[in-house]
Amino acid sequence: MEIIYKSNVLNENWNNDIEKFDYFLLAVGTDLRAYKSIFVAEQNKIEVDNVVLFNFHERTESIKKRQSIGSENYKNLSYKTKIYNCSLKNPSAALKELDIDIKKDSQIAVDISFFTKPFFFTLLNWLKTVCEIENVTIFYTEPKNYVFNKGLYSEYHSSVGPVSIEEIASFSGNDANKNDSLLIIMLGFDGDLSAELDESVAPKKTILVNGFPSYSPNFKDISLISNEKVVNKGGNKLVFSRSTNPFDTYNLLTSIKDKTEYKDLFINIAPIGTKPMALGVCLFALHNPEIRIIYPVPEKFEDVTSHDSWCTWYYEISLNLNS
Amino acid sequence: MSNNTRSPKLSLPSEADLINQIRLTSEIVWEKKLDKSHITEWLTNFKGEVFKKSYEDQLALWLLANFVFYNENEVKHLCKMLYSDFIHKLIVEQDVANSIDINYKKILGRSRFYSLGQPGESSSYILYLFRQQNEIPLKKFISRLDNLDQTVDTIIFVDDVTLSTGEKSQAAKYIRQLKENNPSLKTKRILLLTFIATDDAIDYLQSENIEVVTCIILDKRHKCFEEDSMVFSYFNEHLENAKKFATHYGNIVKPANPLGHNDGQFLFGFYYNTPDNTLPIFWAEENNWIPIRKRYHKNYQNKLLNIGKYI
Amino acid sequence: MENTYKNPFSEYNANVMDNNMILEYWSNPFSFVEFGLTEKEVFSDPNPIVFMGGRGTGKTMFLRYCSYDVQKKLLSRDHTDTTNKLLNGAGFYIRIDGPILRSFEGFGVSDEKWLVIFTHYFELYIARAYLAYFHSLEKDTKIDVKFTKKFFEDCSALLTGSITSLPDLSEMISFVDSKITEINLFRSQIPLKNIEFESEFIYNSQYLIFGIADVFKKNILEVPEDFKFVLMIDEYENFLELQQRLINTLLKFVKPGITFRLGMRLEGFRTYDTISTDDFIKEGRDYRNIIFEEYLIKSSGYSKYLRDIANKRLSKIECFVQNNLTDIADFLGEKEDLVLEAIEIVGIKHEKIFSHYSIDNKDDKKLLTCIENPLLQVLNCLWFKRGKTSKEINSAMKAYLIGAADPNLSKYKMDYVDKYKLSLMFIIATIYKKDKSYYSFNTFSYLSSGIVGHFIELCRRCFQYAEFENKKTLIESGNIPKHLQSNASRDLAETELQQIRRIEKFGNKLYFFALNLGDTFKRYHRDILIRYPETNQFSVDKTLLTTSTKDAFEAAQRWSIIQRKQKTQQQSIGKKKNDIFILNRVFAPIFQFSYRTRGGFSEEYNSSEITALMEKEGIEFRLEKTRVKQITKNNSQTELGF
């Protein structure tokens with residue numbers, strides 16, 4: 001059954017039908033990009049009953065250092081705000097202990113700009129499974145530019161140091177009656193990670209999804225250059241999905257899943273590309289729980305991987321397949 | 001060699017690093033169309049007339065490393081994205097009471113696709129790919145506008161780039177001309193589907209009642225030598241030098257537009273051609289210039305290509 | 001013909017290869033390397049065997065080759081009697097990836113509960129493998145095997161307690177799948193809500209693994225007495241400690257007719273304990289240990305093995321076949337030409353060598369010069385510094401070059417050919433501030449350090465660069481220029497070094513460790529007096545390391561950043577025996593050290609020094625550890641002992 005998706009750039013005048021939220025969930029971040037959507041809501045007098053700010057203790061130091069560029073600007077919000085201190089590394093524990101009562105028919109907004117992907121994946125599944133929420137409005141503000149050390153595109157790192165390839169909590173999938181695996185990697189700029197993923201899953205087949213069209217024309221090449229080893233690996237297939245539209249990603253994944261050649265393979269997806277692509281992956285996995293999502297969880301995320309803000313997007317997503 | 005510009009503190013990546021990056025890009029994106037000999041040959045164009053030869057080579061290689069090439073697979077994907085965006089745009093306007101399938105059939109029923117420009121121009125080629133990739137029935141593509149079915153209310157043009165505004169906008173000029181020759185067009189809804197468009201061009205065409213649907217929007221960050229240029233976001237200190245360098249050599253090959261048509265300053269091309277808004281140092285052939293990305297010009301002069309001795 | 005070209009080393013790793021490809025690319029290591037066991041014993045030895053080796057050593061390829069599916073294909077391809085051979089035993093390739101294994105902990109569930117769930121999971125996993133095998137036997141018309149009614153009844157009873165509930169293999173497989181699904185569902189839900197794992201049947205350890213095997217052997221008449229289920233568990237290092245204890249228990253109490261082969265990285269055992277805390281497995285008593293890497297590095301057959309692997313890939317490329325370029329040495333050259341390399345670096349600037357050795361006298365210089373071979377000139381300077389006169393040296397050199405007699409000829413020749421030739425090349429690189437090049441098949445064999453994957457990657461990069469440089473030349477003449485090979489080896493070294501940082505838990509420590517070791521060895525190689533030629537090894541008593549350092553050290557071994565030399569050796573001449581380790585040679589191009597291991601002298605480290613080497617970059621203390629033995633001559637001048 002086809003659905004008309006809702007995906008748009010949010011302008012200063014709040015060009016979004018929804019004018020009231022029961023809960024607006026976001027993460028405390030290292031610059032203004034973290035709060036752009038909530039401030040636009042405030043400016044346009046959108047009703048928000050509860051703002052919940054996830055304050056990750058792993059970021060405390062960086063946030064303090066970057067006060068001058070707006071990292072603590074959330075303190076200026078006029079909405080009723082709850083700061084929830086928790087760990088970035090354990091979304092399961094954080095959500096199990098979260099003391100808020102979200103009713104089934106609540107209007108929820110989540111700004112994913114500064115949530116890590118493993119965290120917001122589990123968060124959305126928690127909203128679906130525990131809170132029984134059907135629909136969520138997602139906001140995402142893209143950065144103006146990314147930090148490339150020495151100016152070379154192979155020098156981008158979203159994290160430093162050790163990584164461990166993990167299943168994202170609550171997305172273990174089901175490999176029963178499957179003999180082999182298919183690994184779908186949403187390519188990012190951090191080339192080390194795709195090699196680690198490939199090594200860890202050791203799939204029978206690998207499909208690489210390059211974000212294209214991308215935020216900026218040459219980003220499509222940067223992700224390919226950075227991931228040269230897996231791109232050039234014999235047998236790997238390269239396909240495309242728009243960087244900014246999660247529904248494109250969803251459609252692509254559906255078309256892959258429906259192909260006969262992959263029917264007997266256990267599908268693993270690694271969302272290391274853009275956040276909107278990751279959102280598309282999340283949506284797909286929520287609708288297809290037999291899919292496994294894996295992620296290279298770093299010991300330490302890089303504090304600053306991008307500069308400034310650019311557009312803010314909003315997406316209306318249905319957490320359940322039939323809603 | 002000019003000594004007017006101060007030396008930037010942060011050096012560009014070394015020639016070896018840049019060639020390595022270009023090698024990877026060539027292998028993975030450019031379908032291996034570029035190899036070391038091409039690059040070496042192209043660099044011979046730069047004679048150290050503006051800066052030291054080695055620095056000019058670095059600037060040239062930096063620009064080349066940032067050149068975006070759209071290969072065949074990518075262009076085909078753009079065709080699909082464009083169509084998907086077009087359908088989404090129109091479906092959203094339809095009656096929600098109808099099923100999507102019914103609405104889609106309605107949209108297609110009253111739309112016709114037409115080439116932007118003469119047969120033989122890139123638009124025709126793209127139209128072919130567009131039809132093929134999206135499996136659109138052939139009868140939706142027309143070659144005449146003077147005998148349109150009455151049920152048709154939307155004419156859709158498909159092209160690769162729409163970058164200019166005002167008098168320089170070829171799209172606006174062409175559609176205006178079509179309207180002059182086919183008055184019935186004036187009452188139709190006009191859409192232009194284009195792979196790449198600038199935000200300025202979109203606004204301009206909107207003012208001409210041409211709705212633009214595009215996959216890639218270019219803004220001032222994508223003009224090579226503008227202040228906010230993404231190409232020089234990390235090496236900002238080299239921006240002025242690079243502009244000087246590109247202008248100097250651009251003047252040798254295209255004195256009217258040393259930085260590209262309409263001062264484009266763009267750095268991209270397609271597997272089938274390079275637009276003239278892109279820096280001419282990449283594609284020009286005048287004055288014995290060796291291009292790295294050939295541009296196939298439109299022959300407006302009825303000049304016969306040199307076939308050979310025997311015709 | 002250019003259109004038929006593709007990079008012959010565009011990597012296909014063993015997991016991606018289908019069974020046909022495994023056979024196509026298979027190069028039997030047993031044909032080249034002495035492993036301390038025969039190929040037959042891999043199947044027939046009733047005792048568990050552990051195959052240890054770093055990433056890329058070929059363990060997975062090897063285990064997959066031994067699996068039932070591949071062996072069946074092999075026998076069928078070679079038209080050998082499948083029936084008899086296949087009924088001697090069956091190899092089951094088992095790989096459970098790290099992410100799944102790691103999901104069996106945390107989320108508020110106790111370790112004990114997770115152990116129960118994992119045990120149940122593991123039993124089901126193996127049961128499924130068995131059932132799939134039986135199913136393929138049943139369907140195979142070439143193999144005459146009758147699955148009796150009793151077999152189905154006993155199997156069904158084992159799985160469900162009822163002899164009739166699962167009448168055929170398809171039903172059994174579906175049933176097992178449904179049980180695995182229950183576990184997977186639990187793993188997906190437990191992160192969100194606190195629930196209990198519930199299932200109608202929860203299997204204890206050994207119940208299905210040994211039980212189903214038993215049922216098969218008892219009830220299928222065609223199966224011989226000595227039929228073996230060989231369970232080949234790959235990547236054992238990914239199993240958590242509790243999980244390893246479970247499997248260690250299976251190893252210890254293995255029953256006749258079932259045995260285990262474990263594939264793992266070095267130091268892949270997190271524990272040797274079994275489930276019962278006062279019992280453990282011991283090498284020799286409970287399992288045999290084969291360290292792939294150590295055999296491969298040591299073996300003279302290793303380079304032949306690599307050549308075989310490479311040539312098989314080259315022979316798949318039509319344009320190379322047509323141009324008769326199917327030997328890897330055609331592309332890389334057989335060995336380095338150090339003399340040529342030296343000449344290219346030195347050019348006409350021989351004088352620089354003398355100024356580095358502080359040799360100023362004009363007559364001495366004249367006698368010590370060797371324009372046609374700068375390596376000899378450096379050797380001459382070295383001898384001069386060690387007390388020989390320029391006349392003596394010149395005479396020995398001439399004797400060596402033209403084959404005349406001289407009292408010093410034998411030592412001169414030995415020093416040049418056997419002892420110092422490569423070291424002299426490093427000195428030249430140092431003096432002229434150039435990098436030593438790393439090229440040739442021989443060098444690449446060494447650089448790969450027993451890791452086939454590295455060798456393949458080196459070749460892949462070479463071909464990639466050569467194609468970009470000049471595809472036509474590559475296809476027509478094969479020769480890949482030295483500088484491209486050297487670039488490839490350096491780039492791979494950089495990639496591997498950076499990749500260290502990503503190692504789980506210890507990445508940063510191991511990165512500094514590699515950097516500091518590399519820098520240390522670099523200094524030895526830059527010593528113009530060559531006091532300790534080609535030093536690239538160190539010794540340490542691991543038992544004295546602190547726990548956290550030991551863990552990191554073992555991770556370094558697990559990831560083949562350092563490699564142990566096969567037997568304990570004297571740390572240095574005259575010292576006690578200890579474990580000797582080398583820094584993986586793949587890093588040699590970055591730090592400019594030798595790709596060989598001479599033996600003789602090692603850096604010695606105690607526990608705190610190893611800890612310090614892992615802490616940060618640029619550790620200086622090692623420079624204070626001088627090794628020079630001073631000898632006093634009669635005229636009271638000291639000189640350096642040889």
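**Domain and chain interfaces in a predicted model**

Across the interface of domain 1 and domain 2 of chain B, four residue pairs are found in polar contact, both residues of each pair being at pLDDT 80 or more. The side of domain 1 of chain B that touches domain 2 of chain B is made up of seven nonpolar residues, three polar residues and one charged residue. The count of salt bridges between these two domains is zero.

In chain B, the domain assignment gives domain 1 as 15–66 + 224–288 and domain 2 as 72–218. Their C-alpha centres lie 32 Å apart. The contact involves eleven residues of domain 1 of chain B and 18 residues of domain 2 of chain B. Between them the two domains bury about 1,200 Å², with 65% of that area on carbon and sulfur atoms.

Domain 1 of chain A brings 27 residues to the contact, and domain 2 of chain A brings 28 residues. The area buried between the two is about 2,300 Å², of which 72% comes from carbon and sulfur atoms.

What polar links cross this interface in chain A? The rule finds ten residue pairs in polar contact between domain 1 and domain 2 of chain A, both residues at pLDDT 80 or more. Salt bridges across the interface of these two domains number zero. On the side of domain 1 of chain A that touches domain 2 of chain A, at least two residues each come from β1 (6–9), α4 (117–129), β6 (135–146) and β13 (306–318). The largest share of that side is supplied by α4(A), with eight residues. By residue class, this side of domain 1 of chain A divides into 14 nonpolar, seven polar and six charged.

Chain C is assigned domain 1 (34–298), domain 2 (338–431) and domain 3 (505–630). The C-alpha centres of domain 1 of chain C and domain 2 of chain C are 62 Å apart.

The remaining interface is between chains. Five residues of chain C are in contact with ten residues of chain B. Chain C and chain B together bury about 730 Å², 53% of it on carbon and sulfur atoms. In chain C, the residues that lose the most area to chain B are C:Gln464, C:Phe468 and C:Glu469, which together account for 73% of what that side buries.

How many salt bridges does the rule find across the interface of chain C and chain B? There are two. In one salt bridge, the side chains of B:Lys36 and C:Glu469 meet at 3.5 Å, N to O. Residue pairs in polar contact between chain C and chain B number four, with both residues at pLDDT 80 or more. The side of chain C that touches chain B consists of two nonpolar, one polar and two charged residues.

Note on methods: Residues are numbered from 1 along each chain as its sequence is written. Chains are lettered from A and ligands numbered from 1 in the order in which they are written. This is a predicted model: local features need pLDDT of at least 70, side-chain atom pairs count only at pLDDT 80 or more; totals for chains, interfaces and linings use all residues. Side-chain values use heavy atoms; hydrogens and water are left out. Contact means heavy atoms within 4.5 Å. Buried area is the accessible area (1.4 Å probe) that two parts lose on being put together, summed over both. A salt bridge is a side-chain nitrogen of Lys or Arg within 4 Å of a carboxyl oxygen of Asp or Glu. A polar contact is a pair of N or O atoms within 3.5 Å; within protein, one must be able to donate a hydrogen and the other to accept it, and residues adjacent in sequence count only if both atoms are side-chain atoms. Ala, Val, Leu, Ile, Met, Phe, Trp, Tyr, Cys and Pro count as nonpolar, Asp, Glu, Lys and Arg as charged, and the others, Gly among them, as polar. Domain bounds come from an automatic or database domain assignment. Helices (H or I, at least four residues) and strands (E, at least two) are DSSP runs, numbered from the N terminus.
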